[in-house]
Amino acid sequence: MQIAVAGGAEANREEYKAAYAVGRLIAESGAVLICGGLGGVMEAACRGAQEKDGTTIGIISGTGDGNAYLGIVIRTGLGHGRNVLVAQSGDALIAVGGSYGTLSEIAIALKTGCPVFGLSTWKIEGVVPCKTPEEAVNLAVEAARARVAGRKHP
């Protein structure tokens with residue numbers, strides 16, 4: 001089970017704290033954390049997950065190393081195009097804050113049937129607003145489990 005985390009490369013204090021908690025909770029659930037691998041929300045989520053011995057994967061827009069809390073780095077050189085890969089790699093997506101890049105990941109996830117849960121993010125149809133990181137992760141894990149169980153495996 002893989003849960004994508006979307007959010008800005010720059011985060012305010014509240015966003016950073018929420019993303020850090022989201023990462024810890026994703027790791028505790030046993031899911032793999034997928035993100036864009038840069039700073040801000042992505043770094044905070046990865047840091048939280050790593051501190052709980054979780055697996056973190058960063059799908060990097062360029063060819064660099066991403067943030068210091070990535071276990072696996074996928075260098076794409078695709079710029080914003082990597083947002084498609086992040087959104088498609090999650091069995092559910094949690095958006096924390098964010099701007100247009102986050103909006104693009106939300107839109108791609110929704111367009112492809114991936115459930116989206118939001119913390120202080122875009123208020124658009126299809127995004128389930130959550131009040132706490134615990135609520136967001138619990139709902140995302142439940143949705144991801146159902147999605148994984150519904151997939152046909154060869």
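Me: How many nonpolar, polar and charged residues does the lining of the second largest pocket have?

Reply: First, some conventions. This is a predicted model, in which local features need pLDDT of at least 70 and side-chain atom pairs count only at pLDDT 80 or more, while totals for chains, interfaces and linings use all residues. Residues are numbered from 1 along each chain as its sequence is written, and side-chain values use heavy atoms, with hydrogens and water left out.
On a 1 Å grid over the protein atoms alone, a pocket is an open set of points where a 1.4 Å probe fits, with protein on both sides within 12 Å along at least five of seven lines; lining residues have an atom within 4 Å of a point. Ala, Val, Leu, Ile, Met, Phe, Trp, Tyr, Cys and Pro count as nonpolar, Asp, Glu, Lys and Arg as charged, and the others, Gly among them, as polar. In this model the lining of the second largest pocket has six nonpolar, one polar and four charged residues. Among them are Glu14, Lys17, Val96, Leu119, Ser120 and Pro133.

Me: Which element gives the most to the lining of the second largest pocket?

Reply: Helices (DSSP H or I, at least four residues) and strands (E, at least two) are runs numbered from the N terminus. Helix 1 gives the most here, with five residues. The space in this pocket is about 180 Å³, where a volume is the space filled by probe spheres set on grid points joined across faces, edges and corners.

Me: What volume does the largest pocket have, and which residues lie nearest its centre?

Reply: The volume of the largest pocket is about 220 Å³. Its lining has 16 residues, with Gly7, Ala9, Arg82, Gly101 and Thr102 nearest the centre. Helix 3 and helix 4 (100-111) are the elements that give two or more residues to this lining, and the largest share, four residues, comes from helix 4. By class, the lining of the largest pocket divides into four nonpolar, ten polar and two charged residues.

Me: How should I read a nonpolar core, and which residues have the most contacts inside the largest one?

Reply: In soluble globular proteins, nonpolar side chains tend to be buried together. A nonpolar core is a set of buried Ala, Val, Leu, Ile, Met, Phe, Trp, Tyr and Cys residues joined through side-chain atoms within 4.5 Å. Buried means under 20% relative accessible area, exposed over 50%, and partly exposed in between (1.4 Å probe, protein chains only). The largest core in this model has 30 residues, and Ile3, Ile26, Leu33 and Ile94 have the most contacts inside it. At least two of its residues come from each of strand 1, helix 1, strand 2, helix 2, strand 5, strand 6 (116-119) and helix 5 (133-150). Another core, of 16 residues, lies apart from it and includes Ile57, Ile59, Cys114 and Val127.

Me: What is isoleucine 26 in contact with, leaving aside its neighbours within four places in sequence?

Reply: Contact means heavy atoms within 4.5 Å. With those neighbours left aside, isoleucine 26 is in contact with Ile3, Val5, Ala31, Val32, Leu33, Ile94 and Val137.

Me: Is alanine 6 buried or exposed?

Reply: Alanine 6, in strand 1, counts as buried because its relative accessibility is 1%.

Me: How does the span of helix 2 relate to what is expected?

Reply: The expected span of a helix is 1.5 Å times one less than its number of residues. Helix 2 (residues 40-51) has twelve residues and spans 17 Å from first to last C-alpha, close to the expected 16 Å. Its buried residues include Val41, Met42 and Cys46. The elements against which the buried residues of helix 2 pack include strand 1 (2-7), helix 1 (13-29) and strand 5 (92-96).

Me: Where is aspartate 53, and what is its phi?

Reply: Most residues other than glycine have a negative phi, and most peptide bonds are trans. Aspartate 53 lies in the loop between helix 2 and strand 3, and its phi is positive, near 60 degrees. It counts as exposed because its relative accessibility is 74%. Serine 120, in the loop between strand 6 and strand 7 (127-129), also has a positive phi, near 50 degrees. Serine 120 counts as exposed, at 65% relative accessibility.
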